[in-house]
Amino acid sequence: MRKTFLIALVLVSSLTNAQKLKNEKGNFTALKNESAVKVSFNYDHLKLLKENYSEDEYISRRKIELNEKEKGNGDAWVSKWKSAKDGIWEPKFIELLIKTVDNITFTESDANAKYTLMVDAVWIYPGWDVYMMKQPAKVTTKIKLVETANPSNVLYEVDAIEAPGDQFGSNFSNESRVGEGFAKTAKTLGKKINKDIK
C-alpha cells in the first residue's frame with residue numbers, strides 16, 4: 001500500500017512540474033553569436049483565476065476578502081501584490097534564464113541589445129497552501145523574440161501554458177508561488193534556447 005502511494009505521489013509531482021509550449025513558430029538561432037538579450041514584461045492582457053478576472057477586478061475582490069477577515073490585511077496585500085512584479089516575478093524569470101542559458105546575459109536595461117525577449121503575462125492562477133494541502137500556482141505567458149529596433153520582426157513566438165509554481169515545503173505567499181511559475185517558464189525556455197544555439 002505504501003509503495004503504491006509513493007508511486008502515485010511521484011506521478012502527481014511529475015505532472016505538476018510539466019510546462020506546455022504550444023503554437024511555436026520560429027527558433028532562437030539568431031542568438032547564436034549574441035552576448036546580451038533585452039527582456040521586457042507586459043501585463044496589459046492579464047486575466048486571473050478560472051473566472052478570468054481583470055487584474056483590477058482580482059485586486060478589488062481579494063482586498064475586500066482579506067479586509068473582512070482582518071481589518072487592514074487587504075490594504076497591506078495590495079501593496080505586496082503590486083510590488084511582486086518588479087520584486088519577485090521578473091527577477092525570478094531573468095535569474096533562471098541566466099542560470100539555464102550558456103554565454104548570454106538577460107537584462108531589462110540593455111537598450112543596445114539587438115534582440116528583445118517579450119514576455120506577455122496572459123493568465124495567472126495564484127494557487128493556495130493550507131498546511132498539509134496545497135495547489136501550485138499556474139502561469140501562462142505569450143513569449144516573443146523580436147528585433148529590438150524592429151519589433152514587428154518576430155523570430156520566435158510561443159504560448160507557455162500553465163507553468164506550475166511551487167516550492168518544497170509550505171509556501172503561504174501567493175506572490176512567491178507565482179514567481180516560481182515565472183521561473184519554471186524561464187527554465188523551460190532556456191533549455192529551448194540552448195538547443196537552438198548549439
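Author: Let us begin with helices and strands, which are DSSP runs numbered from the N terminus, a helix being a run of H or I with at least four residues and a strand a run of E with at least two. By that rule the chain has four helices and 10 strands, and from the N terminus on they follow the order α-β-β-β-β-α-α-β-β-β-β-β-β-α. The model is predicted, so that local features need pLDDT of at least 70 and side-chain atom pairs count only at pLDDT 80 or more, while totals for chains, interfaces and linings use all residues. Residues are numbered from 1 along each chain as its sequence is written, and side-chain values use heavy atoms, with hydrogens and water left out.

Reader: What makes Lys 144 buried, partly exposed or exposed?

Author: Lys 144 lies in strand β9, and its relative accessibility is 29%, so it counts as partly exposed.

Reader: Which residues does Lys 144 touch, not counting residues up to four places away in sequence?

Author: A contact means heavy atoms within 4.5 Å, and with that exclusion Lys 144 touches Thr 116, Leu 117, Met 118, Val 154, Tyr 156 and Glu 157. Lys 144 and Lys 25 are 119 residues apart in sequence, yet their C-alpha atoms are 9.4 Å apart in space.

Reader: How do you know whether Asn 23 and Asn 112 are buried or exposed?

Author: Asn 23, found in strand β1 (residues 20-26), has 54% relative accessibility and so counts as exposed. Asn 112, in the loop between β5 (105-107) and β6, has a relative accessible area of 75%, and it is therefore exposed. Asn 23 also has a phi near 55°, a positive value in a residue other than glycine.

Reader: What makes a group of residues a nonpolar core?

Author: A nonpolar core is a set of buried Ala, Val, Leu, Ile, Met, Phe, Trp, Tyr and Cys residues joined through side-chain atoms within 4.5 Å. The largest such core here has 43 residues, and those with the most contacts inside it are Leu 31, Phe 93, Phe 106, Leu 117 and Phe 182. Among the elements that each supply at least two of its residues are β2 (36-42), α3 (73-100) and α4 (174-197), and α3 gives the most, with nine residues. Leaving aside neighbours within four places in sequence, Phe 93 is in contact with residues including Val 39, Leu 117, Phe 182 and Leu 189.

Reader: Why are α3 and α4 given a word for their direction, and which word is it?

Author: Two packed helices are described by the angle between their axes and the distance between the axes. The axes are lines fitted to C-alpha atoms, for helices over the stretch in contact, and the angles run from 0 to 180 degrees between N-to-C directions. For α3 and α4 the angle is about 25°, with the axes 8 Å apart. Angles under 35 degrees count as roughly parallel, over 145 as roughly antiparallel, 65 to 115 as roughly perpendicular and the rest as oblique, and so α3 is roughly parallel to α4.

Reader: Which classes of residue make up the contact of α3 with α4?

Author: Ala, Val, Leu, Ile, Met, Phe, Trp, Tyr, Cys and Pro count as nonpolar, Asp, Glu, Lys and Arg as charged, and the others, Gly among them, as polar. On that basis the contact of α3 with α4 divides into 14 nonpolar, six polar and six charged residues.

Terms used. Buried means under 20% relative accessible area, exposed over 50%, partly exposed in between (1.4 Å probe, protein chains only).
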